[in-house]
Amino acid sequence: MPRPITATIHPEAVRHNLERVRQAVPDAKLWSVIKANAYGHGIENVFEGLRATDGFAMLDLDEAQRVRDLGWRGPILLLEGVFELRDLEICSRLGIWHAVHCDEQIDWLAAHKTQVGHRVFLKMNSGMNRLGFTPERFRAAYARLNALPQVDEISFMTHFSDADVAHGIDHQLTVFHEATLDLPGERSISNSAATLLHGDEGNVRCDWVRPGIVLYGSSPDFPAHDAAHWGLEPTMTLSSKIIGIQALQPGDTVGYGSRFRCDTALRMGVVACGYADGYPRVCPTGTPVLVDGVRTRTLGRVSMDMLAVDLSPVPKASLGSEVTLWGRAANGAVLPIDEVAAAAGTLGYELMCAVPPRVPKVVEGAGRPAGPAPRTAGS
């Protein structure tokens, strides 16, 4: 049999989480963000769960092509815009909207020969200091775009750096509103955190919101609030099995570096999962894990292909027992991915995106592996 580790994708949970966002901002249209191959889930594996979206947002043309190949005829947005002039030809062919965040992208549009006007989202750097025009240069960029025959419609966007904390968006929101005052066009300002934490505030309302991590069942402001607080369901379960059991005595150590030393006798299970499967090597002893749906802890250092768990809370555990590294166990118990990520000093985003190709992905209810490998948009 194949190695017993699987990432199971739950389309109904994706559908539920999308509806949860819709409830938070009923008057806004939704960009479902599917960058990084749908946060590691596989675009083809979450597409059915996201069919009720108003549009898809991603980073590159390969992802856009895959969404079109799935039959999507609605809006698609490239969040970072195009990377060279010839990308605009593919945008024209596939009907893709794209962000504009620098002068070079405006230059490319001016040089682009097309009979179809482009829908662009002019991006403001309101304080994140990543991409976008500063407020002082924003109107000049708008004027350049507005004068181009290649541009059909201009919308506006920005990105918050601190939407997960109280009053974290206030300064950027003020800057954005002041710089776009009286300019015609739709607005898109809210990411996952802004949508859930501030979506019902009048000055935050916008035409488009851009939920990302919440679609995949991770809380945007953990540990202040967990996924259950926001009514989110896990969309990925990483599971494996016990492949070995050791009876340890006081003084015995576990794993490389002998990082864990027993102070009492215990049964230890060896799990077919390690850092080569996307499970963080830095997770310390005590990182939560479920064995047969019962919460227990990891022991010692995570190896490339294996990790150890304490079977004391699960006396009936045996070879082949189910191990849930994150997600939903067979008995319905849930281990939030955010808890595992917190133990590793990171975020749920990273764990989702880090599950490698060697871990099979199966879609719940479909019994099939993940969709095709990415290909280039022009192939």
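Visitor: Which residue in β18 stands opposite glycine 327?
Guide: Leucine 335 in β18 stands opposite glycine 327. This is a predicted model, by the way.

Visitor: How do β17 and β18 pair?
Guide: Antiparallel, over two bridges. The two strands form a hairpin with five residues between them, and glycine 332 in the turn has a positive phi of about 95°.

Visitor: What else does β17 pair with?
Guide: β10 (residues 236–248) pairs with β17 in the antiparallel sense over four bridges, with leucine 238 opposite tryptophan 326. β14 (residues 288–291) also runs antiparallel to β17, joined by two bridges. There, leucine 290 has threonine 324 as its bridge partner.

Visitor: Is β17 enclosed or open?
Guide: Largely enclosed by the rest of the structure, because five of its seven residues are buried.

Visitor: And what does leucine 325 touch, beyond its sequence neighbours?
Guide: Leaving out residues within four places in sequence, the contacts of leucine 325 include Leu238, Cys273, Tyr279, Pro288, Leu307 and Val340. Leu325 and Trp326 are also among the residues with the most contacts inside the largest nonpolar core, which has 107 residues. A second, separate core of nine residues includes Val254, Cys262, Val270 and Leu299.

Visitor: Switching to helices. Which residues of α5 are buried?
Guide: In α5 (residues 87–94), those are Asp87, Leu88, Ile90, Cys91 and Leu94. They sit on the same side of α5, because they cover an arc of only 155° around the axis.

Visitor: What's on the face turned away from that buried side?
Guide: The exposed residues Glu89 and Arg93. Over the buried residues, the cover includes α4, β4, β5, α6 and β6. Just after α5, glycine 95 takes a positive phi of about 65°.

Visitor: What about α7, which residues are buried there?
Guide: Phe138, Ala141, Tyr142 and Leu145 are buried in α7. Those residues fall within an arc of 105° seen down the axis, so they line one face of the helix.

Visitor: What do they pack against?
Guide: β5, α6, β6, β7 and α8.

Visitor: Last one: is glutamate 44 buried or exposed?
Guide: Buried, because its relative accessibility is 13%, where the cut-off is under 20%. Glutamate 44 is in α3 (residues 43–46), and its side chain makes a polar contact with the side chain of arginine 66 at 2.8 Å.

Note on methods. Residues numbered from 1 in each chain as written. Predicted model: local features only at pLDDT ≥ 70, side-chain atom pairs only at ≥ 80, totals over all residues. Heavy atoms only, no water. Buried < 20%, exposed > 50% of the residue type's maximum accessible area, 1.4 Å probe, protein only. Arc of directions from axis to C-beta. Contact = heavy atoms within 4.5 Å. Core = buried A, V, L, I, M, F, W, Y, C linked by side-chain atoms within 4.5 Å. Polar contact = N/O pair within 3.5 Å; in protein donor to acceptor, adjacent residues only side chain to side chain. Pairing = 2+ DSSP bridges.
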